[in-house]
Amino acid sequence: YDISSNVYTNTINIGKSVPINDGIIRSFESNEIQYLVSNKDADVVLIDLGAGAGINTLEFVSILNNGIVVCTPEPHSRINAYGLIKNVIFRSLNNSFGHNEDIRKILADFVVGPGRRDGRIRDVVDAIEKIDADISDKINEDLKNFNPCLILNRIRKRSQIGDINNLINIVRKFLSIELTNIGFIRSDTVVLESCQKRSLFVIDSADSQASVDLRRISDFKFK
């Protein structure tokens, strides 16, 4: 696959980008994707995993320390975003420590029990600590280093921006990780028009609300 391309605009210069979509993800094992990404001469690696929490998405995101979750203000979208992050965490825990039968049982019992209601990842870590303190310490370190970011898309009113803090607080309370809000994109007809024309709205409509918002987000410095 030759998936490298240069993307330069008069408003946003993201240098040499590597777009990878879900179709390409399905064609490789996770370690092959890691090799593909790490050996690309690119300033930015863009991996579009699509909506939902399919097995390919979970498997790939579970090997990363960060990423960007995009959701809309609607409650179901925020619920899906929370569910994705939770599933990624448990996929990572199972991949890393599932070889231990006792830990695998703790994870499985939590998923079908408290994890469906109001259970917290902290309860899982505490249970694992009773079996192996070293593993619980490693999990705590992994949770600390897992820093997904959030973009709120298609904002229609200012109050929706504040609502996203509820999601951030819930993720912190129940999943013990920090979800960083890196910005929002206002609902703008130029985005739909650019999709229909298969063009870049940041070029065709550089002064539009969506373009202004996207430029602001592009200034965020990832760790």
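Tutor: Let's start with a term: a salt bridge is a side-chain nitrogen of Lys or Arg within 4 Å of a carboxyl oxygen of Asp or Glu. In this structure, Asp-109 and Lys-105 meet through their side chains in such a bridge, at 2.7 Å from N to O.

Student: Before we go on, what kind of model is this?

Tutor: This is a predicted model, where local features need pLDDT of at least 70 and side-chain atom pairs count only at pLDDT 80 or more, while totals for chains, interfaces and linings use all residues. Residues are numbered from 1 along each chain as its sequence is written, and side-chain values use heavy atoms, with hydrogens and water left out.

Student: How many helices and strands does the protein chain have?

Tutor: Helices (H or I, at least four residues) and strands (E, at least two) are DSSP runs, numbered from the N terminus. Here the protein chain has eleven helices and six strands.

Student: Back to the first pair, then. Where do Asp-109 and Lys-105 lie?

Tutor: Both are in helix α5 (residues 101-112), four residues apart, about one turn of the helix. For accessibility, buried means under 20% relative accessible area, exposed over 50%, and partly exposed in between, with a 1.4 Å probe and protein chains only. Lys-105 is exposed because its relative accessible area is 52%, whereas Asp-109, at 39%, is partly exposed.

Student: Which residue forms a salt bridge with Lys-138?

Tutor: Lys-138 pairs with Asp-142, and their closest N and O atoms are 2.8 Å apart. Both lie in helix α7, again four residues apart, about one turn of the helix. Lys-138 counts as partly exposed at 41% relative accessibility, and so does Asp-142 at 26%. Elsewhere, salt bridges that share partners join Arg-186, Asp-213 and Arg-216 into one network.

Student: What is the total count of salt bridges?

Tutor: The rule gives six salt bridges. One of them joins Arg-156 to Glu-74, with the closest N and O atoms 2.8 Å apart. That pair links distant parts of the chain, 82 residues apart: Arg-156 is in the loop between β5 (147-155) and α8 (159-175), and Glu-74 is in the loop between β4 (66-71) and α4 (75-97). Arg-156 counts as exposed because its relative accessibility is 54%; Glu-74, at 23%, is partly exposed.

Student: What share of the protein chain is buried?

Tutor: Buried residues make up 36% of the 223 residues. Among contacts with a separation of 6 or more, residues 24 or more positions apart account for 66%.

Notes. Contact means heavy atoms within 4.5 Å.
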